[in-house]
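Trainee: Before we start, I would like to go through the terms and the values behind them. Shall we take the model piece by piece?

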Amino acid sequence: MAMASLARRKAYLLSRTVGMDNVLRYSFSYSVRRGFASGSDDNDVVVVGGGPGGYVAAIKAAQLGLKTTCIEKRGALGGTCLNVGCIPSKALLHSSHMYHEAKHSFAHHGVKFSSVDVDLPAMMAQKDKAVANLTRGIEGLFKKNKVNYVKGYGKLISPSEVSVDTIEGGSTVVKGKNIIIATGSDVKSLPGITIDEKKIVSSTGALALSEIPKKLVVIGAGYIGLEMGSVWGRLGSEVTVVEFAPDIVPSMDGEVRKQFQRTLEKQKMKFMLKTKVVGVDSSGNGVKLTLEPAAGGEQTILEADVVLVSAGRTPFTAGLGLDKIGVETDKVGRILVNERFATNVPGVYAIGDVIPGPMLAHKAEEDGVACVEFIAGKHGHVDYDKVPGVVYTHPEVASVGKTEEQVKALGVEYRVGKFPFLANSRAKAIDDAEGIVKILAEKETDKILGVHIMSPNAGELIHEAVLAINYDASSEDIARVCHAHPTMSEALKEAAMATHDKPIHI
């Protein structure tokens with residue numbers, strides 16, 4: 001068996017190609033990427049943007065022996081993710097979950113309190129401390145790896161030069177043989193809605209509210225809206241989610257999505273689907289939203305203390321000087337790159353949220369590593385079809401690969417295996433058994449096509465499936481792996497058994 005596994009591993013590596021099917025490709029030669037080297041001998045690589053994609057690219061470039069400078073406008077590394085996104089939201093999700101558990105679940109486990117109160121300033125302080133520590137940690141990694149760090153707003157003035165307005169008020173020009181654009185994304189605005197970060201907030205404002213709103217309306221039923229709605233709902237807000245589409249999280253597997261929505265509704269989150277916002281009035285103490293059916297019809301008024309606009313994100317590419325040096329973008333502002341992350345301008349590259357593909361921090365990190373590997377003359381690889389996604393509510397929902405709807409659309413014959421956490425011993429033991437594992441596998445070969453998990457810590461459990469999909473494993477491969485007992489991960493094994501043959505515990 002060991003020899004067979006080694007042979008399959010070698011075959012996989014030999015067949016592995018640089019695959020980014022969702023990224024537009026250009027036919028120009030990569031060999032001209034250093035064609036604008038004149039006057040740019042100061043750096044081998046200049047990274048514009050210090051978010052997950054940018055700072056990881058900078059560190060990897062330095063580790064590969066390339067002289068590297070990273071430019072970041074915030075004056076704090078980590079980008080949106082660390083400063084006003086992934087990290088602070090997870091801190092508040094955890095803190096609010098602890099409060100909710102103490103108030104609603106601890107008594108069932110024999111732990112009783114006379115009262116449980118929310119200290120919102122303390123909760124926010126814990127969040128801010130986590131952000132500050134992690135930001136300083138990245139600066140430490142820059143020093144360790146000898147990455148030069150310039151604090152300021154950078155824009156390209158040539159394919160080998162970046163003009164920087166520093167946060168101290170001065171200006172400088174940073175030169176480099178290769179420039180990587182990693183400026184991330186910004187909140188997508190909606191027509192007729194002005195975000196003031198007080199009564200009408202973006203995700204940034206929702207992370208810093210000074211008091212718990214009695215009524216919170218979330219516009220948009222995607223990852224961010226549902227996570228932030230969960231935070232404030234647990235702390236006592238009456239949460240209503242308004243969504244133009246007929247479903248929440250449209251990228252999610254349909255069957256899992258329905259179960260997920262029912263769970264959120266049991267948590268008292270309300271949904272108004274197929275509904276559009278046609279007017280906003282924030283002139284009074286609160287906010288009045290004028291709504292109507294997406295297909296048109298009678299208008300209604302919905303009142304709130306705070307409105308969260310969570311309609312997605314848009315690439316941050318304006319004001320970077322891209323048009324002046326001829327970098328091509330699509331109609332929504334994304335930079336077009338080839339499979340090596342190179343733009344149509346030799347020596348200029350782009351990664352992360354500014355290019356096509358999932359707008360996810362971990363995807364940006366992989367882009368950054370692969371991009372600098374190509375620049376260093378090595379081989380990089382990112383497959384956007386195998387990038388996991390996680391909604392960090394409770395329970396969490398995590399997925400990798402294709403949904404059942406996507407598999408059907410491809411016309412592939414497939415099998416489905418499912419296993420509920422109600423039949424998982426660890427989930428029952430901790431009294432947290434709401435959820436399911438669902439596996440999709442090709443009928444003829446048993447190759448895993450997609451895995452979807454709704455459960456506590458689904459974002460951790462999904463990575464066994466991510467590894468399996470990346471190595472073209474079958475459901476039988478997972479089913480025959482010994483999983484420790486009792487663990488939540490046994491549900492994945494049982495779902496694989498259900499796909500390949502029959503599960504044991506249901």
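Trainee: Which helix supplies the largest share of the lining of the second largest pocket?

Mentor: α4 does, with eight residues. This is a predicted model: local features need pLDDT of at least 70, side-chain atom pairs count only at pLDDT 80 or more, and totals for chains, interfaces and linings use all residues. Residues are numbered from 1 along each chain as its sequence is written, and side-chain values use heavy atoms, with hydrogens and water left out.

Trainee: What makes a run of residues a helix or a strand?

Mentor: Helices are DSSP runs of H or I with at least four residues, strands are runs of E with at least two, and both are numbered from the N terminus. α4 (86-104), α7 (223-234) and α8 (254-266) each supply at least two residues of this pocket's lining.

Trainee: What is the volume of the second largest pocket, and which residues are closest to its centre?

Mentor: The volume is about 980 Å³. Of the 32 lining residues, His100, Glu101, His104, Ser105 and Gln267 are the closest to the centre. A pocket is an open set of points on a 1 Å grid over the protein atoms alone, with protein on both sides within 12 Å along at least five of seven lines; lining residues have an atom within 4 Å of a point.

Trainee: How does the lining of the second largest pocket divide by class?

Mentor: Nine residues are nonpolar, 15 polar and eight charged. Asp, Glu, Lys and Arg count as charged; Ala, Val, Leu, Ile, Met, Phe, Trp, Tyr, Cys and Pro as nonpolar; the others, Gly among them, as polar.

Trainee: Why is Glu101 called partly exposed?

Mentor: Its relative accessible area is 23%. Buried means under 20%, exposed over 50%, and partly exposed in between (1.4 Å probe, protein chains only). So Glu101 is partly exposed. Glu101 sits in helix α4.

Trainee: Which residues of α8 are buried, and what caps its N-terminal end?

Mentor: Gly254, Val256, Arg257, Phe260, Gln261, Thr263 and Leu264 are buried. Asp253 is the cap: a side-chain oxygen lies 3.2 Å from the backbone nitrogen of Glu255. After α8 comes Lys268, with a positive phi near 75 degrees.

Trainee: What makes β1 and β6 a pair?

Mentor: Two strands pair if DSSP finds at least two bridges between them. Four bridges join β1 to β6 (residues 178-181), and the strands run parallel. Val46 stands opposite Ile179 in β6. β1 also pairs with β2 (residues 68-72) in the parallel sense, over four bridges. There, Val48 stands opposite Ile71.

Trainee: Which way do the residues of β1 point?

Mentor: Val45 and Val47 point one way, Val46 and Val48 the other, and all are buried.

Trainee: Why are β8 and β11 at the edges of their sheet?

Mentor: The open sheet has the order β8-β15-β9-β10-β11, with parallel pairing. β8 (200-201) and β11 (270-272) each have a single partner strand, so one side of each is left without a neighbour in the sheet. Two bridges join β8 to β15 (residues 306-309).

Technical notes. On a 1 Å grid over the protein atoms alone, a cavity is a set of points where a 1.4 Å probe fits but cannot get out, and a pocket is an open set with protein on both sides within 12 Å along at least five of seven lines; lining residues have an atom within 4 Å of a point. Grid points are joined across faces, edges and corners, and a volume is the space filled by probe spheres set on the points. A polar contact is a pair of N or O atoms within 3.5 Å; within protein, one must be able to donate a hydrogen and the other to accept it, and residues adjacent in sequence count only if both atoms are side-chain atoms.
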